[in-house]
Amino acid sequence: AEDIPVITIDGPTASGKGTLADVAAHALGYVVLDSGSLYRACALAADREDIDLNDANAVAAIGANLNLSFKRGRVWLDEDDITDALRLEATGLMASQVAAHPAVRAALNQLQLNFRRLPGLVADGRDMGTAVFPDAALKVFLTASAATRAERRHKQLISKGISANIESLRQDLENRDARDKNRAASPLHPALDARMLDNSLQTIEESVELLLNWWAETRPFAAQR
Ligand code: CDP
Ligand code: CDP
């Protein structure tokens, strides 16, 4: 698998990682990995079984046996459609709790490596470039100001008919980022060889164009679309 090209996009909450990963993967015809959804699904599955989220080994066992399927843009856990539950901020918070356990990370890393398939992979999360795919050919660390990120998350929720308060969203984002940055196991930080991209003032199209240009410089053959 080492010769299958990988692009990683890491960064804080609501910086636009998932959107950039999806659009870039689509443009390149690559597989996409939303690693955060695995942490979210693992937390939901453990919570559903009434497992204490502080019990690292019990949660890791759930993570190693996750029965997830991705069908027609929906995500299923066993027989349940968890697509909407997955995106709740409460789920993000639980995900960040279980993500601090090294045993859980080890279980989910195995699943993540399986996404490295031809013709290539775009993977987004917190430790894609630092821990899971350290040999990725292009690593992007995507940031945006906290105010911008809170606004974007707010819009996203409103469009789904969920009401939310911008100030408390911003608090939630900043608390979760602090936890992700300060944990011992694969904390959120840019890889030494990552390209830094602050997209606060960029449209998605502008970020995609920049990433594809970087990719064309890195892997000229892969940029032919
Ligand atoms: O995956 P992550 O949590 O980093 O963020 P996302 O879900 O991709 O993006 C959060 C929201 O910001 C989405 O609704 C995007 O459409 C929006 N966004 C934006 O408005 N402008 C950008 N340049 C990037 C993302
Ligand atoms: O979309 P958003 O940026 O809010 O979150 P996410 O990417 O779905 O990740 C949810 C949580 O899972 C994060 O706050 C991290 O604690 C954890 N996570 C992680 O530890 N490592 C990853 N590669 C991806 C997510």
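**View 1. Helix α1 and the shell around ligand 1.** In this predicted model, α1 gives the most to the shell around ligand 1, with 3 residues. A residue counts as near a molecule if its C-beta atom, placed from the backbone, lies within 6 Å of it. The shell has 14 residues, and Gly16, Lys17, Gly18, Thr19 and Arg152 come nearest. At least two residues each are supplied by α1 (17-28), α8 (146-159) and α10 (204-218). Helices are DSSP runs of H or I with at least four residues, strands are runs of E with at least two, and both are numbered from the N terminus. By class, the shell holds 2 nonpolar, 10 polar and 2 charged residues. Here Ala, Val, Leu, Ile, Met, Phe, Trp, Tyr, Cys and Pro are nonpolar, Asp, Glu, Lys and Arg charged, and the others, Gly among them, polar.

**View 2. The shell around ligand 2.** Ligand 2 is surrounded by 18 residues, the closest being Gly36, Tyr39, Ser96, Ala99 and Gly125. Helix α2 gives the most, with 5 residues. The shell divides into 5 nonpolar, 8 polar and 5 charged residues.

**View 3. Contacts of Ile9.** Leaving out residues up to four places away in sequence, Ile9 touches Lys17, Leu20, Ala21, Val122, Asp124, Met128, Val140 and Leu142. Contact means C-beta atoms, placed from the backbone, within 7 Å.

**Numbering and confidence.** Residues are numbered from 1 along each chain as its sequence is written, while chains are lettered from A and ligands numbered from 1 in the order written. In this predicted model, local features need pLDDT of at least 70 and side-chain atom pairs count only at pLDDT 80 or more, whereas totals for chains, interfaces and linings use all residues.

Definitions and conventions:
Two residues are in contact if their C-beta atoms, placed from the backbone, lie within 7 Å.
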